[in-house]
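Have the viewer open while you read.

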Amino acid sequence: MSVFLLALGMASHPADGILPLRDQWKAAVLALQKNEPAKAATRFREFNHWYGNEPEVAEGTFRERFQRLWGLASLQSGELDEGIRLLEAWLEENPDHSRFRAFIRFQIGLACRSSDRAEEATRHWSIFVTQYPELPECALVHWMWAELELSRSSLASAKAHMLNVLSEERLPESGQVLALAAMALIDLSNGDHASALEHLSKCNQGTVSQIWRSVLAPSLANQFQTNGNPEGAFQASQWFSTPTQLRRMLRELPSLSHTSSPRQVIWKNHWKNQLGYLHSNLENVLDSGFELKHLYEMRLQTLLDSDRAADAGLLSRALLESQSDLARTLRSTAYATAIRASQMREKWNEANELADTYLDAFPDDPALPDILFLQAKTAAGRKDFFTAVDRMEKLISRFPENDSIIKWRIAAAGWRLESGQAESALREFIELESACRESWLPYLRFQAARCWKASSGIEEAKSAFRDVTQMKASPALMEQGWIGLLKIHLASMDGPAFGKTIQDYRTSHADGLYKEMVNMLDASFHELAGDLDRATGIYQQVSTGEGPIADHALNQLSRIHAAREDYPALREHALKWIQSMINRNSRLPVRGLSDCVLYQSTVGKAILPAALLRTLSDGLDSSRFTSGGDILLQLLMDRWEVYSVWLDTHSDFESWLKDKAAQHHASGRWSALSVYKLFHANLLEMDGRHDSADTNRIALLSLVDANALPDSSLFQLAVTADKYDFPEATLLLETFIGKYSESPRCPLVLVRLAKRARKGGERDKSRAIMEDVVSDWSDSTAFISSAVQLAKWYHEDGLLEKSEFLSQQLLELGGMPPRETAETLLIRATVDLAQGRRQRCLLSCKRIQTLYSSFQDIMDESRNLLRKATDV
Amino acid sequence: MCERWGLFCIIMLTQIAGHLDAIQIKGIRQNGMTFSGQLIRAQDNFIEFRSNTGNQSQIIGIPFSQVQSLQVTDVPGESSWLVNLEPFFPLLPLFDLHAQGMLIDQLEGLANDEQWSRLYQWTGYLQGIEGEGAASDRITTLRAWALLEMGLRQLAGELLASLESSLDPLEASGLYCWLRARIAIEENLPEEARYWAALPSLRIPAYKGNLSARLEELRSDPSDPKPS
């Protein structure tokens, strides 16, 4: 430190006593002291001109000081060439003068850099960092050097110098932040966005760090979105700021305190430059038409991309509820995001309602086609491919010139394939090959292969899948091509072809994205070929992972052990499975629990070890495991003589159930209470004590808060309330719909609601509810009976055309159960007679008489109808 | 000097004794003249304060009717000064926006000290003053907080709901969102709770205030619940 403090030391000088010379010298020194470097340099220059050759001046000690002060004055006054020349001479002439060498070397390097003498600058910096590695100013040298390398696009070298800066622990906290930001900028220039994000993540203190993050976050998030790094985009989007906030931060930028020590001046100038750079970056961002709307769009997209659908839905809701101008400009984006978020969460009804709301409120909005497309996607998502295709056809014919037309046609063809219309889908995919860009060809080929496969064109399918594996496509699509081929070989159990294909796949995709899926196919092949040991080995290996494929492998293992009646293996597998789910804090595997039940009933021994039993029992009591609660209770009941000891109870099972229910009742744990109480009710039901069973359920009705109940419990209670026509029945059924709108039990609940409405004389309402069941739950088991009921209601309400249309549609469906077919024939025949289609009425009645004679009630009605038709 | 202050001033000369640990005010009279000093009391429609000049101080009284606006320039560090300010309640309407903002900041101190009944009382005083919208929303939110902590959930919920029409969800404070989330949890509305708990961190800029951790706790299970 003292080296620098003394660098400009001018306390005494050897020119004292030489008057003319001293006057001139004093004037120069005085100017330097008064911080008038230009004047000082002129005086030094004159001094040199008049007295430079005097022996006193040429004397060693005086010359050293003269050269040093003159050189520094020249640098300070901007006479860089002169300053550099003088100071370099000083360095050369005073090799043993250690006192100011570091300071002078630093100043020369700086001056060379300022006067674009890059090579000389780097030479001086190199000597500086080698000779004075202990000085903190090495960090400054490396920083300047990094900036120089960055300006020359030598990014690796720039990064290496900045790493040296970051390793300097003596930098103040704000200096560290600036260095990290500078490093992030180098990363960005280098295209290494992940590293930039990492460095910015470390900047987490103060306004400076906040500004740098806010300035760089939008472009970072954008890059990550483009590069398919949604997690990075999400992290960067967390740093977004509003323009107002940025302006406030600009005003709050820290100012640097005054300093006079030369060493502090060096640092201060550096920080000043860095802050100036930040300032100008921030101003550029603000001047560049920086829009909050755009940031919100990015935020919504990153939430969706990073699999944060629930959060995307919540933010969309806030935007839709906001009355601000900003929210108005984001309306269609918010709707689209909300719909996509609901789709991702498989909340199809919610997605449909959002789209309907939008379509009703903004029928002329420019975003209408996008929302209509999303609506079709919702139908496809819930596997209602007929509706999806129908919606797509309407969309395509309404907006034939839309920019997304090709994308829509591809989607529509895909859904057509899913709906079983493989041939027309194939025609469309082949036609699209000539209409779309080259990069989409592999995908079209892949879809065509699927179409061929679905329409039994196996050889064409093989050839097309093989094409996909060889085309210039994304690795994921290429792997899908391999999987398509493997599935064909698996279906035909063509061992050599399967073996060769799997080998080829593993060679070209050693660590493929779908590696586990291919392993599963391999296991299936061995299983079908009868090599169960080999299949089990592969399933076991896959099951050690996580996710749906691992879950599938676990299920397969369970199935194989059960089929082989290998109960020790079944036991080991089931217990391991349950334990791993507990460890992961996931839901209990219903299949694993069922295996336990199977083991106990077959082997006749208790399966659960004491510790696991207690964990499960505690989980049930704390409502953690309510979803598998009934199977767990079944297990306990089956071997109660063993489990009661471990649970430290002397009660019989039924009393224990009652005690547990009473405990949960007292503490208000409704969820757990409902599991115990309903299990008890089901026990009574099995004993034939139906009234007692219902008494238990009814007791629950008055006790529990319906909102706190799990899906199955609420369903049972709502059904009980409906059965006894309690006043709260409608409320409970509606609560179920509100709370579990995507539950597979929903259509059953809706049917009950519709029937209640009909009973209450609300015919329109009853039909509307039933129409919802028929249109939204075509994949449900309740679909056919609901549709038949609706056709009957249409007829009763005089809506004959609707009744006839629906009956006709039902009769065209494949796989109708006999009773429902007979009922539908009868409804259509009745409508036919009323509408004068006597011939078809007679035919339908004859058909019932011939084919469905076992349904006496329908036979009687058809006989009456036949009589009426014959009389007519 | 006496003439300039006219009939409205009471002047006494006293010696300054030590450091003033009290509320410092600055104000403008109806005639445009400014005044400043240490607030002493408000009585009989007069405001009394100690004005210091050099080593001496004067106690000055000005009728409320002559005060155009008042600023609070300094307050003791702890929220207990609010207790001392209670006698000056009639002056509150004279406080300018900045002073009202300062007061509201101090009310948050009361909340941090868990002085819920006092917070309720003070928000009541401040609600009586016609203030700027944002300040009024802050006061109502603090009042709802006090109510909630005093066990009056329904009243707190109603008070917060009353802000819905004026408070944009993109602008709602972290405190407002946190309170809404808490009430929703108590009312067994998990989706609603999740919405309010998540909202502050989803907006731009993401909320990073002192309630961040508590909001995060209320977001509960991050995985989407799906029907079994």
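Is A:Phe653 buried or exposed? Buried: the relative accessible area of A:Phe653 is 8%, where buried means under 20% relative accessible area, exposed over 50% and partly exposed in between (1.4 Å probe, protein chains only).

1. Ground rules. This is a predicted model, where local features need pLDDT of at least 70 and side-chain atom pairs count only at pLDDT 80 or more, while totals for chains, interfaces and linings use all residues. Residues are numbered from 1 along each chain as its sequence is written, chains are lettered from A and ligands numbered from 1 in the order in which they are written, and side-chain values use heavy atoms, with hydrogens and water left out.

2. Overall make-up of chain A. You'll find 49 helices and zero strands in chain A; these are DSSP runs numbered from the N terminus, helices being H or I with at least four residues and strands E with at least two. Chain A has 872 residues, and 50% of them count as buried. Taking contacts (heavy atoms within 4.5 Å) between residues of chain A at least 6 apart in sequence, 55% join residues at least 24 apart.

3. The partner of A:Phe653. A:Phe653 forms an aromatic pair with A:Trp640, edge-to-face, at 5.2 Å centre to centre and 70° between the planes. For the cut-offs: rings of Phe, Tyr and Trp (its six-membered ring) pair if their centres lie within 6.5 Å, with planes under 30 degrees apart counted as stacked, over 60 as edge-to-face and the rest as tilted. A:Trp640 sits in helix 37 (residues 640–646) of chain A and A:Phe653 in helix 38 (residues 653–667) of chain A, 13 residues apart. A:Trp640 is buried too, at 8% relative accessibility.

4. Over all chains, the structure holds 37 aromatic pairs. In one of them, the ring centres of A:Phe44 and A:Phe66 are 6.1 Å apart and the planes are at 50°, so this pair is tilted. A:Phe44 belongs to helix 3 (residues 37–51) of chain A and A:Phe66 to helix 5 (residues 60–76) of chain A, so the pair ties together parts 22 residues apart in sequence. A:Phe44 is buried at 0% relative accessibility, and A:Phe66 is buried at 2%. Both belong to one aromatic cluster, along with A:Trp25, A:Phe47, A:Tyr51, A:Phe62 and A:Trp70.

5. Helix 12 of chain A (residues 193–202). The buried residues here include A:His193, A:Leu197 and A:Leu200. What do the buried residues of helix 12 of chain A pack against? They pack against helix 10 (155–166), helix 11 (173–189), helix 13 (206–227) and helix 14 (230–237) of chain A.

6. The A/B interface. Here 37 residues of chain A are in contact with 23 residues of chain B. Together the chains bury about 2,400 Å², 53% of it on carbon and sulfur atoms; buried area is the accessible area (1.4 Å probe) that two parts lose on being put together, summed over both. A:Leu314, A:Arg317 and A:Arg345 supply 22% of the area that chain A buries against chain B, more than any other three residues.

7. Charges across the interface. Between chain A and chain B there are three salt bridges, each a side-chain nitrogen of Lys or Arg within 4 Å of a carboxyl oxygen of Asp or Glu. B:Arg194 makes one with A:Asp311, where the closest N and O atoms are 3.8 Å apart. As for elements, helix 18 (309–321) of chain A is among those giving two or more residues to the side of chain A that touches chain B, and helix 18 of chain A gives the largest share, nine residues.
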